[in-house]
Amino acid sequence: MSGTLQQDQKRNNSLKSVVKTSGRSLRTLGSEVLVLIISAFVYAMAFPGFMIPEGWGFIAFFALIPVFGVIRHTSWKHVWWMGLLFGFVFYLFFAYWLKSFHALAIVLIPTIKSLEMMLCFIALKAADSFFKRFGYFVQAIVWVAYAYLSESWFAGFSYGNIAYAFYKYAPFVQIADITGIWGIVFLAILPQAFLGRYLSDWIRGNAIAFSAYILRNFVFVILYAVLMVATLIYGGVKVSEWRNKESDRVWDVVTVQHNHDSWKGGYMTYLHNFNNLRRYTLEALSQTDPDIVIWSETAFVPSVAWHTAYSTEGSGYEITAELVNQFVSFGENLGVPLLTGNPEGVILDPSLPPILEDGSTNRMDYNTVILFDDGEIKETYRKQHLVPFTEHFPYEEELPWLYNLLLANDYNWWLQGDESVVFNSDGVKFSTPICFEDNFGYLSAEFVAAGADVIVNMSNDNWSKKTTAELQHAAMGAFRSIETRKSTIRGTNSGITCLITPEGTMHDKMEPFTMGWNLYHVPVYSHESNGNTFYVDHINLFAYLAVYSSCVLLSAGAVMKIVIAVSRKKNR
């Protein structure tokens, strides 16, 4: 009888222990989930957004500390879905404007980014687990690798990179001409991983005194302080240098902002846009004497190249051909070169005529920029880095269901260019990354390496209907000027139209979502006088180092973990 009572007592105690442990685990998980959601929201406020129009960049210096604490505190069993949660919630807050782009986008992009963040969280957990002493250092390297890889595959989306939160902190970001944005990412993440580790241990009750923690990692703290001071000194010197540097010449540029979403088609839309572009251009020329006029991405939609090369007689396309004739006549009499976004139609099947028997066109288009001067197209640039899903989807055979879904949602594909074209107008050499392309440092660096002395970004962000989305885009463009030490002139259809000087400062921003024009005096810094930056000569070198180092360190850490586990098992 007493034995039975003892067994019942043990069973009850065991059950109470399980319930107690389960309750504590649920409370812990709930707390971790809440911390991640709050951190995602706070981190989003570091960037321009619906809460803070221009963003509070300083928040990005500490917003991720709790995230690293959660990664250390939680178990392997849960860390993967916590990465999914954090990634989805952050991009839901950060890129809220995607709903204006398409209902599918506000689900698709956060989902993709959450999957990337899931992998990042797993790698960060591994770094913390494998490296007991300096896991935070490995975590910072892993985060840089994640930031690079997340923008380097087909669906790469560089919005939300922590470096871009600091676009107004000029002295801190000048090292981009050496490291690209990757050095900035490393400097911003490293102390947060360091403090996140301590935070987790403190919550668990395992932490030593903070002063002791600092002393234990004294060498790291000193090295980081020295690195940060050196970065700020270098940045201060570079800001002063480029703000006072005399340019080789000044290029007078008129930009026309016609404030219309160029994706909305139809002849009446094309005519309406052309009339506004023409009106404001003529108004600008009556008051100024520019070297060139710039319109935005796809500002004029009917393909000038197609209609001037092929006859459309009897095809039903005569009305758009006539609009092209008006454009050509306007350009011939303008008196200055005109740079505009304009699709380039090319023959799709060389064995067939341009107009098929059923009246359809044997044609595919590139998203292009044309330099129109002396009555003809002098040079054309074809967009190389197309927007995933909306401009380009290469997996028709592998993912036919998604391909058909995108087609059903009115997405259309462009052909992909493959050349870093450098235009030349009156001795000024420039290149034209189209819209989304200035999100990626490598493209502008390749343009400059090919000989460009000015970056001209042609953008259409009107679809977003949000100034914050346009400012997020412009902020990324500012880093392209720092990386290359070239001026950027942004020609947009609704904002942010502005001049960006080589230290990354935006000047004379036109009012977003308004029609008008502006004259910019663009400082030109030639290759002959200034040479290339380290970043241009070694594009994304620091990102590659982070990727390879992450692979080596995590692999070595996993091997060591296995060796230690096997050794302990043998010694039992």
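Contact here means heavy atoms within 4.5 Å. The structure is a predicted model, in which local features need pLDDT of at least 70 and side-chain atom pairs count only at pLDDT 80 or more, whereas totals for chains, interfaces and linings use all residues. Residues are numbered from 1 along each chain as its sequence is written, and side-chain values use heavy atoms, with hydrogens and water left out. Helices (H or I, at least four residues) and strands (E, at least two) are DSSP runs numbered from the N terminus.

- Glycine 477 lies in helix H17 and is buried, with a relative accessible area of 2%, where buried means under 20% relative accessible area, exposed over 50% and partly exposed in between (1.4 Å probe, protein chains only).
- Leaving aside neighbours within four places in sequence, glycine 477 is in contact with Asp438, Thr488 and Ile500, and its C-alpha atom is separated by 9.5 Å from that of tyrosine 167, 310 residues apart along the chain.
- Arginine 480 also belongs to helix H17, which covers residues 467-484, and is buried at a relative accessible area of 1%.
- A polar atom of the arginine 480 side chain lies 2.9 Å from the backbone oxygen of aspartate 438.
- Not counting residues up to four places away in sequence, arginine 480 touches Tyr164, Ile181, Asp438, Asn439, Phe440, Gly441, Ser444 and Ile455.

**Salt bridges**

- A search of the whole structure finds 17 salt bridges, each being a side-chain nitrogen of Lys or Arg within 4 Å of a carboxyl oxygen of Asp or Glu.
- Arginine 197 forms a salt bridge with aspartate 128, with the closest N and O atoms 3.1 Å apart; this pair links distant parts of the chain, arginine 197 being in helix H9 and aspartate 128 in helix H5, 69 residues apart.
- Arginine 197 is buried, with a relative accessible area of 5%, and aspartate 128 is buried, with a relative accessible area of 7%.
- A network of salt bridges links Arg72, Asp128, Arg197 and Asp201.
- The side chains of arginine 485 and aspartate 177 meet in a salt bridge at 3.1 Å, N to O; arginine 485 lies in the loop between H17 and strand E11 (487-492) and aspartate 177 in helix H8 (residues 176-179), so the pair ties together parts that are 308 residues apart in sequence.
- Both arginine 485 and aspartate 177 are buried.
- Lysine 383 forms a salt bridge with glutamate 391, the closest N and O atoms lying 2.9 Å apart; lysine 383 is buried at a relative accessible area of 1%, and glutamate 391 is buried at 3%.

**Helix H20**

- Helix H20 (residues 541-571) has 31 residues and reaches 45 Å from its first C-alpha to its last, close to the 45 Å expected at 1.5 Å a residue, the expected span being 1.5 Å times one less than the number of residues.
- The buried residues of H20 are Ala543, Ala546, Val547, Ser550, Leu554 and Gly557, and these pack against helix H5 (105-130), helix H6 (135-149) and helix H9 (181-204).

**The loop between H1 and H2**

- Phenylalanine 61 lies in the loop between helix H1 (2-44) and helix H2 (65-73) and is partly exposed, with a relative accessible area of 31%.
- Trp56, Phe58, Phe61 and Phe62 make a nonpolar surface patch of about 390 Å².

Definitions and conventions. Polar contact = N/O pair within 3.5 Å; in protein donor to acceptor, adjacent residues only side chain to side chain. Patch = residues over 30% accessible without salt bridge, like charges linked within 9 Å, V, L, I, M, F, W, Y side chains within 5 Å. Areas by Shrake-Rupley, 256 points an atom, 1.4 Å probe, with all protein chains shown as cover.
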